[in-house]
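Please read this report beside the sequence and the 3D view.

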Amino acid sequence: MKINFKKTYKFAVKSALYISLFGTGFVLILMNLFYKNQLKHQVAFGIIFIISIYIFSFLVLQYRVERFIYRRVKKIYDEVSLLESTTLINQPITTDMETLSREVKKFATDKKLEIEMLEIREQYRREFLGNVSHELKTPLFTVQGYVSTLLDGAMDDKTIRKKYLKRAEKGVERLIYIVEDLDMITKLESGDLDLNMTDFNIVELIQNVFDLLEMKADKKKIKLAFESKNVQSVIIRGDQDRIQQVLENLIVNSIKYGKDGGLTEVGVVNLTKKKVLIRISDNGEGVEKQNIPRLFERFYRVDKSGTRSEGGSGLGLAIVKHIIEAHKEKVYVESEFGIGSEFSFTLEKAHKTIKAEVK
């Protein structure tokens with residue numbers, strides 16, 4: 001590792017000056033005591049002496065102190081292996097203590113922040129692996145249980161065989177669902193998923209999602225509706241299939257965690273001439289304040305009981321976030337425990353708009 005050396009003369013200059021002034025003053029006092037009547041000789045001697053002692057002191061101090069500090073600082077630079085990954089290694093070594101202290105302090109602060117970030121990532125990694133294991137383990141054990149039962153003799157009974165095969169099929173479908181969501185979110189994070197940008201009517205798309213999820217909402221007697229009966233349709237620029245997936249995930253969540261006989265409303269708000277805000281609100285159970293910042297994490301669930309009665313891959317909100325960010329837009333969440341939640345996101349308008357009434 002090649003290290004540049006940056007010289008500093010401030011310490012040697014000041015120290016040599018102090019030594020020279022003290023030495024010259026002391027010698028002049030001695031000369032005045034022993035050679036009282038030779039003022040010219042005293043002045044000449046003083047000038048020559050102060051110049052000589054200054055040069056000598058400067059060279060000795062500069063060389064000795066500089067080499068002394070340099071050897072120790074170089075050892076610090078050599079021993080701290082992390083310097084290879086920092087900008088500090090690109091800076092010349094200095095013997096100026098103030099500069100050196102500032103650089104080392106900055107280096108220590110940067111490393112502390114880096115370590116804290118690594119600890120957070122490591123904690124997230126452990127949680128993620130644990131969640132993936134749990135999500136995959138449940139359907140895998142379900143499929144294994146039904147297949148093992150069939151192999152142990154239940155296959156001979158046609159009724160049981162059909163029932164168990166259907167249940168095993170549901171377990172496989174859940175596994176496929178989780179893997180497909182994982183594959184999608186990986187592509188979204190890496191930027192490998194291309195968006196098919198087109199112009200489409202966002203209100204019509206919302207109505208289509210309502211129609212798709214109507215039976216699911218009816219099971220809990222939840223009403224799906226627009227905030228306004230006469231809503232102005234807006235032509236949006238985006239990937240229609242991905243935006244539909246965002247709407248489905250958010251509305252499914254509102255149904256899943258909504259109360260029986262509740263209401264899920266979708267609003268389309270014109271923010272500016274170029275932006276529209278889509279709001280999905282419900283009067284369900286809501287989310288506690290401390291859980292809100294983590295809602296968009298993969299596999300993060302507010303319910304820590306470990307139950308999976310409501311289904312889902314645990315990736316819905318993470319996918320929502322990545323799809324909206326892929327459109328270079330923002331997603332927001334507001335929630336109050338026991339009252340309800342509201343998820344919203346922005347989208348870019350197309351050039352034309354039309355008016356229509358929603359059925």
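The report below covers aromatic pairs, salt bridges, a helix, a strand and a surface patch.

This is a predicted model, where local features need pLDDT of at least 70, side-chain atom pairs count only at pLDDT 80 or more, and totals for chains, interfaces and linings use all residues. Residues are numbered from 1 along each chain as its sequence is written, and side-chain values use heavy atoms, with hydrogens and water left out.

## Aromatic pairs

A search of the whole structure finds 3 aromatic pairs. Rings of Phe, Tyr and Trp (its six-membered ring) pair if their centres lie within 6.5 Å; planes under 30 degrees apart count as stacked, over 60 as edge-to-face and the rest as tilted. One of the pairs joins Tyr146 and Tyr164. This pair is tilted, with 5.0 Å centre to centre and 55° between the planes. Tyr146 lies in helix 3 (residues 97–151) and Tyr164 in helix 4 (residues 158–190), so the pair ties together parts that are 18 residues apart in sequence. Helices (H or I, at least four residues) and strands (E, at least two) are DSSP runs, numbered from the N terminus.

Is Tyr164 buried or exposed? Tyr164 counts as buried because its relative accessibility is 19%. Buried means under 20% relative accessible area, exposed over 50%, and partly exposed in between (1.4 Å probe, protein chains only).

Phe296 and Phe343 form an edge-to-face pair, 6.2 Å centre to centre with 85° between the planes. Phe296 sits in the loop between strand 7 (275–282) and helix 7 (316–326), and Phe343 in strand 9 (residues 340–353), so this pair ties together parts 47 residues apart in sequence. Phe296 is buried at 15% relative accessible area. Phe343 is buried too, at 9%.

## Salt bridges

Side chains of opposite charge can pair when their charged atoms come close. The structure holds 4 salt bridges. The definition asks for a side-chain nitrogen of Lys or Arg within 4 Å of a carboxyl oxygen of Asp or Glu. The table lists some of them.

| Arg237 | Asp199 | 3.2 Å |

Take the salt bridge between Arg237 and Asp199. Arg237 lies in strand 5 (residues 234–239) and Asp199 in strand 3 (residues 197–201), so the pair ties together parts that are 38 residues apart in sequence. Arg237 is partly exposed at 35% relative accessibility. Asp199 is partly exposed at 43%.

Arg279 is in strand 7, while Glu227 is in the loop between strand 4 (223–226) and strand 5, so the pair ties together parts 52 residues apart in sequence. Arg279 is partly exposed at 24%, and Glu227 is partly exposed at 33%.

Where do Lys321 and Glu325 lie? Both are in helix 7, 4 residues apart, about one turn of the helix. Lys321 counts as partly exposed at 26%. Glu325 counts as partly exposed at 40%.

## Helix 6

Helix 6 (residues 240–256) has 17 residues, which should span 24 Å at 1.5 Å a residue; its end C-alpha atoms are 24 Å apart, which agrees. The expected span is 1.5 Å times one less than the number of residues. Helix 6 is mostly covered, with 13 of its 17 residues buried. At its start, a side-chain oxygen of Asp239 reaches to within 3.2 Å of the backbone nitrogen of Asp241.

## Strand 9

Thr346 lies in strand 9 and is buried at 8% relative accessibility. Thr346 and Val269 are 77 residues apart in sequence, yet 9.4 Å apart in space, C-alpha to C-alpha.

Ser341 is also in strand 9. Ser341 counts as buried at 8%. Its side chain makes a polar contact of 2.7 Å with the side chain of Ser335. A polar contact is a pair of N or O atoms within 3.5 Å; within protein, one must be able to donate a hydrogen and the other to accept it, and residues adjacent in sequence count only if both atoms are side-chain atoms.

## Surface patch

Which residues make the nonpolar surface patch of about 380 Å²? They are Ile47, Ile51, Ile55 and Leu59. Ile47 is placed in helix 2 (residues 39–79) and is partly exposed at 47% relative accessibility. Patches are made of residues with over 30% relative accessible area and no salt bridge: like charges are joined within 9 Å, nonpolar side chains (Val, Leu, Ile, Met, Phe, Trp, Tyr) within 5 Å. Accessible areas come from the Shrake-Rupley method with a 1.4 Å probe; for residues, only the protein chains shown count as cover.
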